[in-house]
Amino acid sequence: MLKQFPENGLSSEKIHDVLDSYGKYDIKNSRGRLFTYFYDPGIKELDNLQDIFLKFSNRNGMDYHAFPSTLKLENDVIAMMGSLLNGDDRTAGTFTTGGTESIILAVKAARDTFLENHNSLPEVILPVTAHPSFSKAVEYLGMREKRIPVNSEYQADISLMRKAITKSTAMIVGSAPSFPYGIIDPIKELSDIALEYKLWLHVDACVGGMILPFLKRLGKQVPEYDFKLPGVSSISIDLHKYGFTPKGSSVILYRNAVLRRHQIYVNARWPGYPMSNAGIQATKSAGPLAGSWAIMNYLGYRGYTELAGKTLTAYKRITQGIKNIGYEITGKPDATIFAFQDNVNSIFQTGVKMIEKGWYPQIQPSNIKLGLPSTVHLNISPVHVEVTDEFLSSLEDIHTNLSDDSAAGQLAIDSADKTAEYLAHMLEKHPENKTLFFHMLYQLDPGKGEEIFRKMTDRDFHASIG
Ligand SMILES: Cc1ncc(COP(=O)(O)O)c(C=O)c1O
């Protein structure tokens, strides 16, 4: 039964009550408890800028002639980011809603540049650790991808990437760093390959672009990954991650405007208004853009460096503490995000227990076919310096009291050759077995795991649920 469109409006009081009740079980950002979804600078002053978001939220970035402030704001933000990542006067870019949009736009620009001189189905070559938004872009844009195994350091395997190149290769990708492990791919080598084969190299610095420059200023060794390398064509950087800006803010940068030309969509062949969109959206709120401009200008290079210093301190203490407890840090992370694994017990129990104790990490099941470990992932934010000891003692407690969850693992293995319906049914039948979902994703053929996941998503987004 569908909930009916309300005949009479609700009072604003009632609206607040209903929304508070809807939000009751949302995870809250209670100072340093989240290790994902929210990058918390831990400084109250930024709250004073929140009204800027609201002030600009109804200005429509679709038409910068009507709202010239949106153009000024965007050009300022792109210039700031270009200068941060060693661009120059030719650097061009666009403010977008997030990493996924930035990546879709870069893949489209690369595809259409490739198609100017080729007529084969364009393909993207990327390491398995690259974010799924590239696969999504490839799917949306009717292209093909080749995901290449990583080397023993969890980095793009340069010789395998090189071997995979064909006449149809339009783009190669490296991450700075990759989300799962926080490790930077060998971008210098990828840049050399891009120049040698005349390929488009995209560097995904969605999670790194707003922290690596500041870690470098603090003296941390950071391998080259930006426009300093001549083979880099485009870079994606999310401001809503380590830029601490409102959700819905990212940037796609191109070495020059010629590379960006296929990203811009124009239409003057319908009876309505002449349309020109730099990104995917047409109507777009200027709230995230103005909010980003405000926070970036408020903090400046110095403010971000200070925050990067706090983040690095927390990162060092937390990773050392995790090792002392008996876990292994996966590979050698380059920034302030990382994954850890348990070489004795399944790591899923640790992840689930962390959530039960009010800490929120990402559980990364991986897949048996990938040959990469199951891990728990943490993004470290400046606020975490305040909770390091509490967090580590909680984790130690979890580690000491791990129980045997091999039943869930065995159930997953036993079920692995059954239908998706059967597996979805098992998940529903065993809600007490909180690690079962992760065990299944690890054990199952990825296609089958995705089938279950899709069914669950389809079922959950159903208007009649209420
Ligand atoms: C490296 C990397 N690329 C792309 C994305 C996608 O960004 P978004 O969720 O903003 O679309 C993420 C998000 O975590 C990321 O870490």
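This is a predicted model: local features need pLDDT of at least 70, side-chain atom pairs count only at pLDDT 80 or more; totals for chains, interfaces and linings use all residues.
Residue numbers start from 1 along each chain as its sequence is written.

Let's start with the sheet. Seven strands form an open sheet in the order β1-β7-β6-β5-β4-β2-β3, with mixed pairing (strands are DSSP E runs of at least two residues, helices H or I runs of at least four, both numbered from the N terminus; a pair needs at least two DSSP bridges). At the edges sit β1 (92-96) and β3 (144-148), each pairing on one side only. Neighbouring strands are turned by 20 degrees against each other on average, direction ignored (axes are lines fitted to C-alpha atoms, for helices over the stretch in contact, and angles run from 0 to 180 degrees between N-to-C directions). β1 and β7 (residues 250-254) run antiparallel and are joined by five bridges, with F95 opposite V251 in β7.

Two helices pack here. α4 (residues 99-115) touches β1, β2, β4, β5, β6 and β7, and its direction makes about 25 degrees with that of β7. α5 (residues 133-140) lies across β2, β3 and β4, at about 155 degrees to β3. Contact means C-beta atoms, placed from the backbone, within 7 Å.

Now the helix pairs:

| Pair | Axes | Angle |
|---|---|---|
| α10 (residues 287-325) and α12 (residues 388-400) | 10 Å apart | about 20 degrees |
| α4 and α5 | within 9 Å | roughly 50 degrees |

So α10 is roughly parallel to α12, whereas α4 and α5 are oblique to each other (under 35 degrees is roughly parallel, over 145 roughly antiparallel, 65 to 115 roughly perpendicular, the rest oblique). α10 passes α12 in a right-handed crossing, and the crossing of α4 and α5 is right-handed too (the near helix is turned clockwise from the far one by less than a right angle).

In the α4 and α5 contact, G99, T100, I103, I104 and V107 meet S133, F134, K136, A137, V138 and Y140. These split into seven nonpolar, three polar and one charged (Ala, Val, Leu, Ile, Met, Phe, Trp, Tyr, Cys and Pro are nonpolar; Asp, Glu, Lys and Arg charged; the others, Gly among them, polar).

Finally, the ligand. Around it are G98, G99, T100, H131, S133, S175, F179, D204, C206, V207, D238 and S250, taking C-beta atoms, placed from the backbone, within 6 Å. That shell has three nonpolar, seven polar and two charged residues.
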